[in-house]
Amino acid sequence: MLKLAVFISGGGTNLQALIDACRARTINAEIAAVISNNAKAFGLERARTAGIPVFHISKIKFPAEEQYLSMIRRTLRQAEINLVVLAGYMKLLPPDVVRDYYGRVINIHPALLPKYGGQGMYGMQVHQAVLAAGDKYSGATVHIVDEHYDRGPILIQRRVPVEKDDTPETLAARVLKIEHQILPMAVALYRS
Ligand code: GRF
């Protein structure tokens with residue numbers, strides 16, 4: 001059985017999609033840990049409701065770099081994690097952790113990478129940029145996180161049309177629906 005660690009920073013709707021997919025057995029996985037840099041992330045509530053162990057690990061809580069890194073590594077090791085999922089996580093995973101789980105760290109991004117990726121491209125900024133560019137399509141991407149972060153190999157991508165009266169919010173909502181579909185599909189590509 002795949003044992004997932006899901007990293008979040010906010011509402012956790014992608015986490016919820018994974019919780020639901022595990023429960024429905026559409027993916028052969030269990031979420032063994034939810035880790036957030038934000039103690040107030042609503043996604044932590046979602047995890048608690050689902051009976052999943054939650055961990056608040058942040059550089060504020062663990063300012064010493066070594067301690068911060070060892071907290072993440074120990075949490076993943078003790079939960080016997082074999083797939084790390086970044087789902088709305090707003091921090092960079094330490095390179096040592098990316099190396100520990102090379103090829104087994106995946107991230108969901110609300111755009112058609114490699115477009116609209118990189119520094120500052122997250123949340124509404126992404127959708128604003130797509131609308132400003134006049135693109136006819138947007139979409140979501142699940143990719144492997146490697147040392148280049150959001151330039152890693154793409155696993156699944158699905159596009160949606162951009163409507164002429166779209167606002168960043170209406171486009172974000174359309175893309176988010178696709179995210180909830182392709183993230184569980186990407187997890188299903190892995191075997192324990
Ligand atoms: C999503 O668009 C995700 O792609 C981005 O953060 C947004 C919120 O994700 N990284 P969630 O609702 O917290 O899963």
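For these entries I take a salt bridge to be a side-chain nitrogen of Lys or Arg within 4 Å of a carboxyl oxygen of Asp or Glu. The model I am reading is a predicted one.

**Entry 1, salt bridges.** I searched the whole structure with that criterion and found 6 salt bridges.

The side chains of Lys3 and Glu80 form a salt bridge with an N to O distance of 3.4 Å. I placed Lys3 in strand β1 (residues 2-8) and Glu80 in the loop between α3 (65-78) and β4 (83-86), so that this pair links distant parts of the chain, 77 residues apart. Are the two partners buried or exposed? Lys3 has a relative accessibility of 19% and counts as buried, because the limit for buried is under 20%. Glu80, with a relative accessible area of 54%, is exposed.

Because Arg73 belongs to helix α3 and Asp100 to helix α4 (residues 95-100), the pair ties together parts that lie 27 residues apart in sequence. I noted Arg73 as partly exposed, at a relative accessible area of 30%, and Asp100 as partly exposed too, at 40% relative accessibility.

The closest N and O atoms of the salt bridge between Lys115 and Asp135 are 3.0 Å apart. Lys115 sits in the loop between β5 (105-109) and α5 (124-133), and Asp135 in the loop between α5 and β6 (137-144), so the pair ties together parts 20 residues apart in sequence. Lys115 is partly exposed at 45% relative accessibility, whereas Asp135, at 16%, counts as buried.

Which residues are around the ligand? I listed Gly11, Gly12, Thr13, Asn14, Gly88, Ile108, Pro110, Leu176 and Glu179. Helices α1 (13-23) and α6 (168-187) each supply at least two residues of this shell. The space that the ligand takes is the largest pocket.

I went through the oxygen atoms of the ligand and found one 2.8 Å from a backbone N or O atom of Gly12. The ligand on its own has 370 Å² of accessible area, of which the protein covers 81%.

How values were computed: Residues numbered from 1 in each chain as written. Predicted model: local features only at pLDDT ≥ 70, side-chain atom pairs only at ≥ 80, totals over all residues. Heavy atoms only, no water. Helix = DSSP H or I, 4+ residues; strand = E, 2+ residues; numbered from the N terminus. Buried < 20%, exposed > 50% of the residue type's maximum accessible area, 1.4 Å probe, protein only. Near = heavy atom within 4 Å. Polar contact = N/O pair within 3.5 Å; in protein donor to acceptor, adjacent residues only side chain to side chain. Areas by Shrake-Rupley, 256 points an atom, 1.4 Å probe, with all protein chains shown as cover. 1 Å grid on protein atoms, 1.4 Å probe; cavity = no way out; pocket = protein on both sides within 12 Å on 5 of 7 lines; lining within 4 Å. Sits in = over half its atoms within 2 Å of the grid points.
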